[in-house]
Amino acid sequence: MTFTDTAPQPRERILQAAADLLAGGGREAVSTRSVSAAAGVQAQTIYRHFGDMQGLLDEVARRGYASYLAAKQENLTTGDPIDQLRRGWAMHVAFGLANPALYRLLNTDARPGAGSSVTGEAGGLLLQLVTRVAEAGLLRVGVEEAAAMIHAAGVGVTITLIDADAAGRLADHEGLSERTRDAVLAALVTDPEDEPAEDTRAARRARHAVALKALLDDGEQGFTPGERLLLDELLTRLVATTADGQENGPMTKSRG
């Protein structure tokens, strides 16, 4: 992972040294002593530019992730949202396999309770994409839940493949990423060209409620804050009580 061909300034030398150490030996290889020696600077120079070692690692991650985030952003502008989800999944896995140490730093070595601004930005892009699916009336569950499931499955698959690659057994998992992706999407998304005949009214209600909630999230409907909170709660309850085909949930009792 190379940021520049030449890095004469101390800040750039420090970043390059940290990136090289991370790629070669993982998070444990990036210490104040090792970075100082590799960059030819004193420890205080690192702290002056980055505050502490975590600040340095955050900047290494931000730079290493920059091109990936740009590609993810571009993915939002072309094609239908289901195809975008598929491409986004493939991009996520490919980035992890190409940058295993950086991927681990971002997804498994984070400080407890402290989210990364880099992964937070990627998560925001995923939410945008899932919201587009919801607005099209194709999402079976809430936007946040669907995004969390896609993210968790994607990270799990990528870490599995990274470990397999390190052990020289990547071929043993051929097709794992695609099968997992398709299983997750099948659970979350209705195929508009092949809607099952047995699809229940409850499931249709859930998708429409998810779609309405997503479409209302722009905040331009003129509701008071209290009205908006109530509507949001009702739609959320409707999704929760009907997404699994429960025709007689709390929201439908009055029909009886």
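Colleague: Leaving aside its neighbours within four places in sequence, which residues is Ser36 in contact with?

Modeller: Ser36 is in contact with Val41, Gln42, Ala43 and Ile46, where contact means heavy atoms within 4.5 Å. Please keep in mind that this is a predicted model, in which local features need pLDDT of at least 70, side-chain atom pairs count only at pLDDT 80 or more, and totals for chains, interfaces and linings use all residues. Residues are numbered from 1 along each chain as its sequence is written, and side-chain values use heavy atoms, with hydrogens and water left out.

Colleague: Why does Ser36 count as buried?

Modeller: Buried means under 20% relative accessible area, exposed means over 50%, and partly exposed lies in between (1.4 Å probe, protein chains only). Ser36 has 11% relative accessibility, so it counts as buried. Ser36 lies in helix 2, residues 32-39; helices here are DSSP runs of H or I with at least four residues, numbered from the N terminus.

Colleague: What makes Arg48 exposed?

Modeller: Its relative accessibility is 59%, so Arg48 counts as exposed. Arg48 sits in helix 3, residues 43-50. Between Arg48 and Arg11 there are 9.5 Å in space, C-alpha to C-alpha, and 37 residues in sequence.

Colleague: And why is Gly156 called partly exposed?

Modeller: With a relative accessible area of 34%, Gly156 is therefore partly exposed. Gly156 belongs to helix 8, residues 143-166.

Colleague: How do you know that helix 1 and helix 4 are roughly perpendicular?

Modeller: Helix 1 (residues 10-25) and helix 4 (residues 53-75) pack at about 80°, with axes 10 Å apart. Axes are lines fitted to C-alpha atoms, for helices over the stretch in contact, and angles run from 0 to 180 degrees between N-to-C directions. Angles of 65 to 115 degrees count as roughly perpendicular, under 35 as roughly parallel, over 145 as roughly antiparallel and the rest as oblique. The two helices are therefore roughly perpendicular to each other. Among the residues making the contact are Ile14 and Leu15 of helix 1 and Val60 and Arg63 of helix 4.
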